[in-house]
Amino acid sequence: MRKVLQPILAVALGLALGLGVTRIAGESPWHVLQILWRSAFGSNYDFGMTLFYSTPLILTGLAVAVPFQAGLFNIGAEGQLTLGALAAAAVGALWPVMPWPLAPVLATLAAILAGTVWGAIPGWLRARRGSHEVINTIMLNFIAAGLASYVTLYLLKNPDSQNPETRPIGAGYLIHQFGVFGGAPVSLALPLAVMAAVLVWILLWRTVLGYEMRAVGQSEPAARAAGINPGRIRIIAMSVAGGLAGLVGVGEVLGNAGKFRLGFSPEYGFIGIAVALLGRNQPVGVVASALLFGALHKGAADLDLETEHVTRELSLILQALIILSVSAEGLWSWMKKRREA
Amino acid sequence: MRPFPDACLRKCGRTALLWMAVLVFSLSSAFADFKVGLVLDRGGKDDKSFNASAYEGAMKAKKEQGIFLKYVEASDDNAFEPLLRAFAQKDFDLIIGIGFAQKEAIKKVAAQFPAKHFAIVDADVNAPNVRSLLFEEHEGAYIVGAIAALTSKTGKVGFVGGMDVPLIRRFEMGYEAGAKKINPQISVTPNFCGVTSEAWNNPPKGKELAMVQYDGGVDVIFAAAGASGFGVFDAAEERKKLAIGCDSNQDWTKPGLILTSMLKRVDLAVYTTIAEAKAGKFAAGPKRFGLADKGVDYSIDQYNEKLLPDSVRQRADELKTEIIAGKIVVPDYYKK
């Protein structure tokens, strides 16, 4: 019970603090709350946009949660998703004539592979060289951004646009968008992300490998004594995380833009850390909190639009306060766990 | 004493009052206001350059035309479309997107709301309800290129662009042609701050490039680089050389060091579009702003008048007249 209650309290506290700030800015908290609600769930289109923003957050949340269960902190989801999206777009741009069912499958596999490689590198460095994954994943984010710029602008540049983006992918690559959302780009990527959450749950709690991951995460010496190879587990955990983050490319490239656009991600990878913390690194929790953060991201823009005093910056403060109280709660329980261990 | 009807009366009175208020409010919003929604690029309204100019134009329309104005800044590239759509779904009459990044979103939303009017700056969207506000940047750049060449003592002038895109190449090409018109032997050094949208907001990079150019003998640099241009101005201050501003009038930012600014009157384009739409004269299709209608120009004010002697101004104005008359055709990167 406490497990469910604590995150909810954290959200409530963050929201209350945030609404207090809007009150100081001269906007009625009730009004702000109404706008947030309407913005997220007010119409099929609005709800669709919320789901659209939630989809990558489910995946990046999982990409943080899986290594967390194995005692690793993945700050590299941003770089992993960048390369995943780039790989999907590159496949679609280089071989534009490809029949439908094969094309998206191929691009999806490319996205997973690229993310996996980008996750495996810091996993391997940690396991074999002992260098910390926090530093390495952050540095790999920069390398991924540089690589993406280079490939986009020098190898696959879209000649018909001033925007920094790749050539459009072939028509056979586009995946189904659900019509009920009135044009919001909710695609097959959403069920794919939910399926990924289910698979992660099965992996972590119903397989030997998942048991070994959690064992390493909770106590490395105990895991080692039980005959588990922590290095191997770490590489696997980070690779799985990278693959999950890479899947973000499916929704963005195949289900939305039809190309890779530099800077398409409003830092999904970093919001994913908050999503995982709030979701207590459990797949179900991650899905739920991804929905919340998706709604908040959607709401930020609408707050700007519908109020007199709340600008984009203030709506970011609102999001930040929620993230802060969530992570404070997460930190607190993490420290407690540390002390007990 | 019977409290019940009394309370009921009071409640009824309050309800009536409320309804009256609602009526008055809805009447005023129905008749008094022409509603304009402005979706700014990710730079935001305080970039002192491109977006700032758009915001100024809209604010001027708010003051002088009595319109209702709402502006928003997009939080990510996927947010343009929902924002434009939100304006269209509400009772906004005219929706303006600032910057070429919104091209696809405007195209899509305008098709879904054929009864609404849209405008976009710096991109050509071909639709019956969209006005495309385009600027002849190369013409303005030509004039400031000539001014740079007339002022330079070393025979070397520089160019620092923001993001390396066709739009900025167009500035560069016009600038170089203008400089070469005055002095065919002049050397023009072009540099760009980067290849992503980060390049619009990277003053250290702008400064670094400008320092190298100044140290190599360049004594005037044209900065067409958004907020990165402020780095160029800093370098001009340190090396005691001259710089040329862009988009908004930036002469005031470093008085005595900014030779002139190439004005790109996004404010004018936004203002006239709003004024015409309000008067019921909205016209779709491309609208080009060039030297002839002062859509692009160079600036003279109290901050730079001492830097521009009459001879320079005269020559610049001669060139201007010749371009307007079609005697000089400025090379255009878009038509290359």
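In chain B, 6 strands form an open sheet with mixed pairing, in the order E7-E6-E8-E9-E10-E12. Two strands pair if DSSP finds at least two bridges between them, and strands (E, at least two residues) and helices (H or I, at least four) are DSSP runs numbered from the N terminus. This is a predicted model, where local features need pLDDT of at least 70 and side-chain atom pairs count only at pLDDT 80 or more, while totals for chains, interfaces and linings use all residues. Residues are numbered from 1 along each chain as its sequence is written, and chains are lettered from A and ligands numbered from 1 in the order in which they are written.

- Strand E6 (residues 156-163) of chain B pairs with E7(B) in the parallel sense over 7 bridges.
- To find one of these pairs, look for B:Val160, whose bridge partner in E7(B) is B:Asn191.
- Helix H6 (residues 166-182) of chain B lies across E6, E7 and strand E8 (220-224) of chain B, and runs at about 170° to E6(B).
- Helix H7 (residues 203-215) of chain B also packs on the sheet, touching E6, E7 and E8 of chain B, and its direction makes about 160° with that of E7(B).

**The parallel sheet of chain B**

- Another open sheet of 6 strands in chain B has the order E2-E1-E3-E4-E5-E11, with parallel pairing.
- Its edge strands are E2 (68-73) and E11 (285-289) of chain B, each of which pairs on one side only.
- Neighbouring strands here are turned by 20° against each other on average, direction ignored.
- Strand E1 (residues 35-40) and strand E3 (residues 94-98) of chain B run parallel and are joined by 4 bridges.
- Within this part of the sheet, B:Leu38 stands opposite B:Ile96 in E3(B).
- H2(B) lies across E1, E2, E3 and strand E4 (117-121) of chain B, running at about 170° to E1(B).

**Two domains in chain B**

- The domain assignment gives domain 1 (30-135 + 267-289) and domain 2 (137-263 + 306-335) of chain B; such bounds come from an automatic or database assignment.
- The centres of domain 1 and domain 2 of chain B, taken over C-alpha atoms, are separated by 29 Å.
- In chain B, 11 residues of domain 1 are in contact with 10 residues of domain 2. Two residues are in contact if their C-beta atoms, placed from the backbone, lie within 7 Å.
- Helix H2 (residues 50-65) of chain B gives the most to the side of domain 1 that touches domain 2, with 3 residues.
- That side of domain 1 of chain B divides into 4 nonpolar, 3 polar and 4 charged residues. Here Ala, Val, Leu, Ile, Met, Phe, Trp, Tyr, Cys and Pro count as nonpolar, Asp, Glu, Lys and Arg as charged, and the others, Gly among them, as polar.

**Helices meeting helices**

- In chain B, helix H3 (residues 80-89) and helix H4 (residues 103-112) pack at an angle of about 35°, with their axes 9 Å apart.
- B:Phe80, B:Glu81, B:Leu84, B:Arg85 and B:Ala88 in H3(B) meet B:Ala105, B:Ile106, B:Lys108 and B:Val109 in H4(B).
- The residues of this contact of H3(B) with H4(B) divide into 6 nonpolar, no polar and 3 charged.
- In chain A, the axes of helix H5 (residues 102-129) and H6(A) come within 9 Å and cross at roughly 150°.
- By class, the contact of H5(A) with H6(A) has 6 nonpolar, 2 polar and 2 charged residues.

**Where the chains touch**

- 18 residues of chain A are in contact with 20 residues of chain B.
- Helix H6 (133-155) and helix H13 (283-306) of chain A are the elements that give two or more residues to the side of chain A that touches chain B.
- H13(A) gives the most to that side of chain A, with 5 residues.
- By class, the side of chain A that touches chain B has 9 nonpolar, 5 polar and 4 charged residues.

Key: Axes are lines fitted to C-alpha atoms, for helices over the stretch in contact, and angles run from 0 to 180 degrees between N-to-C directions.
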